[in-house]
Amino acid sequence: MSAPRIVLTNVFKRFGTNEVLRGLTLEVRPGETIVVLGASGSGKSVMLKHIIGLTRSDSGGITVDELEVEDLARPVANGT
């Protein structure tokens, strides 16, 4: 079995007093398709923003293709 492409391990994120992600753990393997369902405000978009590096977690780890997302350079607003 091949290594997972996306791995979230015990990810926590809070905005003020609102806990949005509480220990989220997820693995997505090559060729796998997943669906994330949830009510408005349940953290779906926050999870995706973590995976693409737009939001930093309060704790936990996120890797994409075995690279730590939080170690990667953040994009700048003007694209340079």
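Good morning. The structure shown above is a predicted model. The mean pLDDT of the protein is 91, and 91% of its residues reach 70 or more. Among the elements, confidence is highest in β1, with a mean of 97, and lowest in β4, with a mean of 92.

Let me begin with the overall layout. The protein has 80 residues, of which 24% count as buried. Its C-alpha trace spans about 40 × 35 × 20 Å along the principal axes. It contains one helix and four strands, and along the sequence these follow the pattern β-β-α-β-β. Contacts between residues 24 or more positions apart make up 46% of the contacts with a separation of 6 or more.

I turn now to the sheet. In what order do the four strands lie in the open sheet? The order is β2-β1-β3-β4, and the pairing is antiparallel. The edge strands are β2, residues 18-28, and β4, residues 67-68, each of which pairs on one side only.

β1 and β2 are joined in the antiparallel sense by eight bridges. One of the residue pairs here is Val 7 with its bridge partner Glu 27 in β2. These two strands form a hairpin with two residues between them, and Gly 16 in the turn has a positive phi of about 65 degrees.

On to the pairing of β1 with β3, which is antiparallel and has five bridges. Phe 12 stands opposite Ser 59 in β3, and Thr 9 has Gly 61 in β3 as its bridge partner. Gly 61 and Thr 9 are 52 residues apart along the chain, yet their C-alpha atoms are separated by 5.1 Å. Setting aside neighbours within four places in sequence, Gly 61 is in contact with Val 7, Leu 8, Thr 9 and Val 11.

The remaining pair is β3, residues 59-64, with β4; two bridges join these antiparallel strands. They too form a hairpin with two residues between them, and Asp 65 in the turn has a positive phi of about 50 degrees. Within β3, Thr 63 stands opposite Glu 68 in β4. Is Thr 63 buried or exposed? Thr 63 is buried, because its relative accessible area is 17% and the cut-off for burial is under 20%. Its contacts, not counting residues up to four places away in sequence, are Arg 5, Ile 6, Val 7, Glu 68 and Val 69.

Next comes the helix. α1 packs on the sheet and touches β1 (6-15), β2 and β3, and its direction makes about 120 degrees with that of β1. Which residues of α1 are buried? They are Val 46, Met 47, His 50 and Ile 51. These residues lie on the same side of α1, because they cover an arc of only 140 degrees around the axis. In general, an α-helix has 3.6 residues a turn, so residues three or four places apart point the same way. The buried residues of α1 pack against β1, β2 and β3. After α1 comes Gly 53, whose phi is positive, near 85 degrees.

His 50 is located in α1, which comprises residues 44-51. The relative accessibility of His 50 is 1%, and His 50 therefore counts as buried. Where does a polar atom of the His 50 side chain find the backbone oxygen of Val 46? The two atoms lie 2.7 Å apart. Leaving out residues up to four places away in sequence, His 50 touches Val 11, Lys 13, Leu 21, Thr 55, Arg 56, Ser 57, Ile 62 and Val 69.

To close, I would recall two points. The sheet has the strand order β2-β1-β3-β4 with antiparallel pairing, and α1 packs on that sheet, touching β1, β2 and β3. Thank you for your attention.

Terms used: Residues numbered from 1 in each chain as written. Heavy atoms only, no water. Buried < 20%, exposed > 50% of the residue type's maximum accessible area, 1.4 Å probe, protein only. Polar contact = N/O pair within 3.5 Å; in protein donor to acceptor, adjacent residues only side chain to side chain. Contact = heavy atoms within 4.5 Å. Pairing = 2+ DSSP bridges. Axes fitted to C-alpha atoms, helices over the stretch in contact; angles between N-to-C directions. pLDDT = per-residue confidence, 0-100. Arc of directions from axis to C-beta.
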